[in-house]
Amino acid sequence: MRNAIKVGSLIATMDNAAAIGQKPQDSVAASDELTAYMTARVTFLEQLAAQAIPTQILLANFSGDAAWARYIAGIQQVFKEIGLACPAVAGSTESNMPTRQSGLAITMLGEPQQRAAFDREKLSWYTYGLPLVGTEVVAQPEDVAQLQPIFQAWQAEIVQQVWPVGSKGLQGELVRLFREQQPECSLDITKSAGPCTVIMLGIDPEKEQQAEKFFLRNFEKLRKTTL
């Protein structure tokens, strides 16, 4: 698993955001709905990376009572986008102390799915999306890896492994996946991908042509290095 842990029979994943939202002193101005959507999106992608589907959600809200409904709407948008019913959301709001900047954390508990076995080293690997961070995410939504095609191709087992790329950039994830045999990539591998705006996808080599029908933009095959 990438950034998930097993809790009993469930898979737990989480992500958080700070100083992004609607408060005057936030570093990045964005709607609370969008902030929660992007945070929930990362948490959901980590579930897919662990071959699981979320069944329960916990929300920690540090932005005050008024933000709760907006955060819930953002979480629900993730599931609406992929065509799944949103699990029930429970959690807590910091209402005793007013905060000057926004903050939230989202945890998902998911059930592992029965899927065909595969050899990670024999997959064809692609990048999907561009590395974006901060205001770039708001300014370039069309360059953020989209959830719907990822989920549909994962369900069809065209994509066998989802591997989100976050703040450590592609370089950090390439090291984790390939160690010294890192493939070549035309993207800036040192740049943060923020809220997983780039996803690496391990695709069944026999289904690469099918994959191209799902991913129509910013979809690039990683090239094996030649010695």
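This is a predicted model: local features need pLDDT of at least 70, side-chain atom pairs count only at pLDDT 80 or more; totals for chains, interfaces and linings use all residues.
Residues are numbered from 1 along each chain as its sequence is written, and side-chain values use heavy atoms, with hydrogens and water left out.

**View 1. Packing of helix H1 (residues 32-49) on helix H4 (residues 147-155).** The axes, lines fitted to C-alpha atoms over the stretch in contact, lie 12 Å apart at an angle of about 15°, and H1 and H4 are therefore roughly parallel (angles under 35 degrees, on a scale from 0 to 180 degrees between N-to-C directions). Tyr37, Arg41, Phe44, Leu45 and Leu48 of H1 meet Leu147, Ile150, Phe151 and Trp154 of H4, contact meaning heavy atoms within 4.5 Å.

**View 2. The largest pocket, with about 620 Å³ of space.** A pocket is an open set of points on a 1 Å grid over the protein atoms alone, where a 1.4 Å probe fits, with protein on both sides within 12 Å along at least five of seven lines; lining residues have an atom within 4 Å of a point. The lining comprises 29 residues, of which Asp15, Asn16, Val42, Gly194 and Pro195 lie nearest the centre. H1 gives the largest share of this lining, six residues.

**View 3. The second largest pocket, with about 410 Å³ of space.** Of its 16 lining residues, Glu121, Phe178, Gln181, Pro183 and Lys224 lie nearest the centre. Strand S8 (124-128) and H5 each supply at least two residues of this lining.

Note on methods. Helices (H or I, at least four residues) and strands (E, at least two) are DSSP runs, numbered from the N terminus. Angles under 35 degrees count as roughly parallel, over 145 as roughly antiparallel, 65 to 115 as roughly perpendicular and the rest as oblique. Grid points are joined across faces, edges and corners, and a volume is the space filled by probe spheres set on the points.
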